[in-house]
Amino acid sequence: MTIMQKFLGAAATMALSAGAALADPAIIFDLGGKFDKSFNEAAYNGATRWAEETGGKFAEVELQSDAQREQALRRFAEAGSNPIVMAGFAFGNALGEVAGDYPDTSFVIIDMVVDAPNVRSVVFNEHEGSYLVGYMAAQTSKTNTVGFIGGMDIPLIRKFACGYAQGAKAANPDTKVLSNMTGTTGAAWNDPVKGGELTRAQISQGADVVYAAAGGTGLGVLQTAADEGILSIGVDSNQNYLHPGKVLTSMLKRVDNAVYNAMKDGPGLETGFNVMGLANEGVGYSLDENNADLISDDLKATVDAVAAKIISGDITVHDYMSDESCPSLTF
Amino acid sequence: MEQLPKWADLIVVPLVGLILAFSLSMLMVFATGHDPMDALSLMVKGALGSTYGWGYTLYYATNFIFTGLAVAVAFHASLFNIGGEGQAAIGGLGVALVCLFIPWPHWTIALVAATAAAGLFGALWALIPAYLQAKRGSHIVITTIMFNFIAASLLNYVLVNKLRPKGSMDPATAKFPEPAHLPSLGDMLNAVGIPFAKGTPANVTLVVALVACIFVYYLIWRTRLGYQLRAFGKSQPAAVYAGINPVKITIITMMISGALAGLMAINNVMGEAERLILGSVEGAGFIGIAVALMGRSHPLGILFAALLFGALYQGGAELGLWTSIPRELVIVIQALVILFTGALDNMVRSMVAKVLVRPKRAEA
């Protein structure tokens, strides 16, 4: 009997605390977990930055199984969380099913487009940022050979590779661009050993700058590049500090900004198609004390001029995902 | 060891194991700075306290019934089928092919066809390890484990290169057409006037799972094949002496086992996701081993063990949603239950035996 009473008491407390969570934002992390040092973690950082600045609270969950995508969306929506942010293209299907059932809840999906009146779809112009770092790689390379190492072979990562190759060719038409993908499953995001092997293979083919767009696998790429004395380029977050003086730059993809903006805009956020590009600082390259010596003032001036031309539309960078083909690179 | 009365073996031993597992789990929850009673009530209420909770609990349980039965059938013939994971994955491929490429007029026909395809694909995937065991003596544990990896790689290839719609980033097939969608348990019960939460993944496959339980019961204890299978499991030389063909019985048993594991795909692939995704089995093949051990390889026991594990999965999901208890701790709780009810079964049994059997002797 006493146990039963404790159960009921606990249940009542639970109901109360659930009530208090009304209209707080919620964020759902994909199966990789929130501390993946990459995409999910960037989303988590954006959410914590919002919480620290505003003193607000947010609900969060790390998924364990695919069936939980729809479950988490529905449960948060029913508990009154608003907006609900999800990090990753894999939510596209589940959100398409759920969004219509909760017209008063705003949803934000990153890296995927879901066409519904209460959904904000945030996509990044990764090809523009990659173009810039490709340009810098080709300008820096002494062997006229630069490398790209992708994680999972999906159109999104080919978009990175394609932008990179275009930038490299634009800087120097004779540049040879090597490209390798780590794998075809989710495991390819977290295989630093294979990342290191691919780096060595590209070095043996002459590459002296490699760009990793591969999540956790990229850590192995950066490590091997530093060990072998060539330069590397990080991705998503600023990874320059990992090997000071040995990482040329990092292609920034501000997932944290996307999450932060969504939470700051709150329940009535503007929905629709939201493109984060060079113009609104959604992508870019990183410059800090760790790579200051690697990037000459000349190079910086040239790259910033190129960036300005992309923003003004004088240079169009081809988006691989628009037609699944790339003019500068074959896969 | 002392012989326990049957009721103690079937009810007391698993229950004591469960209580031990939960006590230890609650200590862990307490050690990480959360309220264990809160966590426990949230898990129980989340899994069993509403039709919504049941909708998920029964969905997971349906998966575990199939994989549990698969392990149990093989176990009766002393074959340890660790390949449920791969057989269910390949069963999913069968379901996907049938649902994607044949236009079905109605879900009932699609269900029959998908069931046949799932069973057939699962059985064929078990056939090769079975043949290697029967003819070549390659140990079934090793070969079935290796076939899990081969299945994963095969699915990977097929999904990424063949079945993925153009431009899609998910390694998954397109959505199955509307007539191949199975009615959910909510839709079915609401239609006959019983209120049940909509939007939960439990579906008509639960009925198929219950039929499979009855089928396995009759197969094992009421047919000639079942008798041969159990005789073969008790003693191979005796079975061979009695005229039972070891090659035939090994292959048939493993194919039935593989078919049962494959059937799981109609629940998760056709009933829930309505498309085939990479890694759709999500460890259910391995949970089936724990379910079969806990259920003493009896369909009724498996039914209850599957329900328990289903409730654990759903309760764990609720913990993840409403508390800051990390996902890893939820997995620890699930693992402790497996440890105590499966692996440490004998420890619990000897404890129970000490309490139950000795006093009786003293009386006599």
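UniProt, in an unreviewed entry, places the feature "domain: ABC transporter substrate-binding protein PnrA-like" at residues 29-318 of chain A; such annotations may be inferred rather than shown by experiment. In this predicted model, where local features need pLDDT of at least 70, side-chain atom pairs count only at pLDDT 80 or more, and totals for chains, interfaces and linings use all residues, that span is 41% helix and 21% strand, with its end C-alpha atoms 30 Å apart. Residues are numbered from 1 along each chain as its sequence is written, and chains are lettered from A in the order in which they are written.

Helix α7 of chain A covers residues 192-204; helices here are DSSP runs (H or I, at least four residues), and strands are runs of E of at least two.

Buried residues (20 or more other C-beta atoms within 10 Å; exposed means 12 or fewer) of α7(A) include Pro192(A), Leu198(A) and Ile203(A). The buried residues fall within an arc of 165° seen down the axis, so they line one face. They pack against β6, β7, β8 and α8 of chain A, with contact meaning C-beta atoms within 7 Å. The face turned away carries the exposed Val193(A) and Ser204(A). Just after the helix, Gly206(A) has a positive phi of about 105°.

The largest nonpolar core has 220 residues; such a core joins buried Ala, Val, Leu, Ile, Met, Phe, Trp, Tyr and Cys through C-beta atoms within 7 Å. Ala43(A), Leu95(A) and Val95(B) have the most contacts inside it. Leu95(A) touches, among others, Leu73(A) and Phe107(A).

Terms used
Contact = placed C-beta atoms within 7 Å. Expected span 1.5 Å × (residues − 1). Arc of directions from axis to C-beta. Lists of a residue's contacts leave out its neighbours within four places in sequence.
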